[in-house]
Amino acid sequence: MHADLVAIGAVVLAAGLLARAGRRIGLPSIPCYLVVGILLGPGTPGPVLIEDPAELSVLAALGLVLLLFHLGVEFPVEQVLGSGRRLFLAAGCYIGLNVTAGLLLGFALGWGTAEALVIAGGLGISSSAIATKLLIELHRLTNAETPVVLGIIVIEDLFLAFYLALLAPVLSDATSPLGFVRDVAISFGFLVLLFAVARYGARAVGALVGSREDELLAVLVVGLVLLVAGLSEQVRVSDAIGALLIGLVISRTRVRERVERLVLPLRDVFAAVFFVTFGLSIDLGALETVALPAAVAVLATLTCNLAAGVVTARLFGLNQRAAANIGLTVLGRGEFSLILVTLAIGAGLDGRIGPFIALYVLGLAVLAPLLAAKSRYLARFIPDGLLRSRWRYVREETISTACTHLDQISVTGTDLRECPQCVAEGHGWVQLRLCLTCGAVGCCDDSVGKHASAHFTRTRHPIVESLEPGEDWRYCYLDRALVRPPLGREPDATPR
Ligand SMILES: [Zn+2]
Ligand SMILES: [Zn+2]
Ligand SMILES: [Zn+2]
């Protein structure tokens with residue numbers, strides 16, 4: 001470590017300033033940090049603040065370790081295991097499509113088998129940081145599809161743990177098949193050992209690092225995390241997976257919430273150093289040579305994500321807007337892709353993999369927030385036949401679980417199949433709506449009379465249901481959204 005404090009300080013400050021400017025136009029932090037690293041590094045003309053990225057390697061490793069440790073601490077094991085078959089199907093489809101596309105692209109590039117496996121992971125696992133930030137910034141936390149999005153993110157994290165364990169021996173220098181088998185065994189043995197500690201030894205670990213004082217708790221925990229991460233690397237399991245698993249152990253202790261809070265600012269600062277350092281190692285000239293594969297990768301991910309979004313929406317009976325929201329929210333790639341590539345570069349794999357993934361991450365990290373905010377327009381183009389119930393009329397509407405007017409529902413059906421007011425006025429209508437408070441039937445807003453909306457304006461009865469054959473959606477005028485009860489509490493998932 002020879003980089004002086006002036007250079008480190010200037011680089012980190014520049015990263016923070018660019019990220020703050022990026023926030024104004026809705027960009028996540030990760031691409032901003034990468035760009036600062038690329039611009040101020042030795043591979044780009046202009047000012048070079050840090051000659052050799054290796055000078056920051058210890059600080060960057062700290063960022064990587066804390067990123068995965070924090071992920072482990074906040075990982076809701078019980079919630080995932082109890083989340084039902086549909087969610088695992090949806091996540092499996094999402095991960096399967098993206099990893100397969102990554103693997104095919106990796107082999108098509110012809111850089112090698114280990115490289116293809118790293119690319120498959122890098123393309124397959126989305127950024128939890130970008131996805132959760134998007135959900136908050138776009139006010140989608142109470143949308144019907146949001147629990148599914150969060151479930152997919154969490155199951156992806158679980159997949160990451162196993163993928164890291166699988167990659168560890170691939171990235172080690174074992175040459176004989178026997179050595180390879182031994183490395184796989186060590187890697188998974190270590191995984192099992194730490195899972196066992198999480199299951200049975202959490203109390204002991206809690207006693208080892210526990211302290212009433214925040215200062216001492218932070219020091220003890222960070223010490224333990226670095227020690228376990230370092231030891232993992234010694235037994236040729238990556239430091240990343242060691243950090244993730246000790247996070248899982250800590251998540252089962254009583255100090256979990258305090259640790260989560262104390263480690264967060266440390267994680268954010270050192271993760272910024274990690275992303276900047278990654279950018280520093282990128283040569284601007286090398287970016288040109290990987291531009292085409294990176295563009296293909298971005299397109300492949302976009303396609304797989306939308307396909308997975310449609311499959312998921314179909315599984316859960318959601319509409320086109322929800323399908324677009326699911327696919328586009330988890331579109332961003334970031335920390336995990338860069339962590340995998342850092343491990344690959346450390347193991348001496350093909351150097352092109354660094355600029356390739358950097359450009360891919362940059363592209364998607366910029367694209368994801370822009371597209372996710374415009375999901376409504378995309379929802380127009382998803383064909384009706386792909387989803388389970390008919391949503392033609394309301395394909396662009398948000399489905400919310402936050403409606404507080406469900407207690408005003410006292411009617412659930414009617415035999416009436418005409419708009420009485422239209423009949424009285426002597427003209428036709430387009431579609432019919434049923435008021436779920438008083439049972440009045442009125443015509444939709446595309447009809448001449450607009451009698452359903454008029455009924456709401458007069459009576460303030462909030463919720464209507466579509467009377468179209470094959471449709472069963474409910475709309476709340478007060479929330480201006482389609483409404484349904486939260487996941488798992490649907491009375492009947494299939495349309496009547
Ligand atoms: Zn409502
Ligand atoms: Zn009418
Ligand atoms: Zn009414």
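Tutor: Axes are lines fitted to C-alpha atoms, for helices over the stretch in contact, and angles run from 0 to 180 degrees between N-to-C directions. Two packed helices are described by the angle between their axes and the distance between the axes. Please note that this model is predicted.

Student: At what angle do helix α15 and helix α18 pack, and how far apart are their axes?

Tutor: Helix α15 spans residues 291-315 and helix α18 spans residues 353-373; the angle is about 45° and the axes lie 9 Å apart. That angle makes α15 oblique to α18. The crossing of the two helices is right-handed.

Student: Which residues make the contact?

Tutor: From α15, the contact uses Ala 291, Pro 293, Ala 294, Ala 297, Val 298 and Thr 301. From α18, Phe 356, Leu 359, Tyr 360, Gly 363, Leu 364 and Leu 367 take part. Sorted by class, the contact of α15 with α18 comprises 10 nonpolar residues, two polar ones and no charged ones.

Student: How many helices and strands does the protein chain have, and how compact is the chain?

Tutor: The protein chain contains 21 helices and six strands. Its radius of gyration is 26 Å, close to the 23 Å that the globule rule gives for 496 residues, so the chain is as compact as a globular protein of that length. Along the principal axes, its C-alpha atoms fill a box of roughly 85 × 50 × 45 Å.

Student: Which domains are assigned, and what distance separates their centres?

Tutor: The domain assignment gives domain 1 (5-379) and domain 2 (402-483). Taken over C-alpha atoms, the centres of domain 1 and domain 2 are 46 Å apart.

Terms used: Residues are numbered from 1 along each chain as its sequence is written. Chains are lettered from A and ligands numbered from 1 in the order in which they are written. This is a predicted model: local features need pLDDT of at least 70, side-chain atom pairs count only at pLDDT 80 or more; totals for chains, interfaces and linings use all residues. Domain bounds come from an automatic or database domain assignment. Helices (H or I, at least four residues) and strands (E, at least two) are DSSP runs, numbered from the N terminus. Angles under 35 degrees count as roughly parallel, over 145 as roughly antiparallel, 65 to 115 as roughly perpendicular and the rest as oblique. A crossing is left-handed if the near helix is turned anticlockwise from the far one by less than a right angle, and right-handed if clockwise. Two residues are in contact if their C-beta atoms, placed from the backbone, lie within 7 Å. Ala, Val, Leu, Ile, Met, Phe, Trp, Tyr, Cys and Pro count as nonpolar, Asp, Glu, Lys and Arg as charged, and the others, Gly among them, as polar. The radius of gyration is taken over C-alpha atoms; the globule rule is 2.2 Å times the number of residues to the power 0.38.
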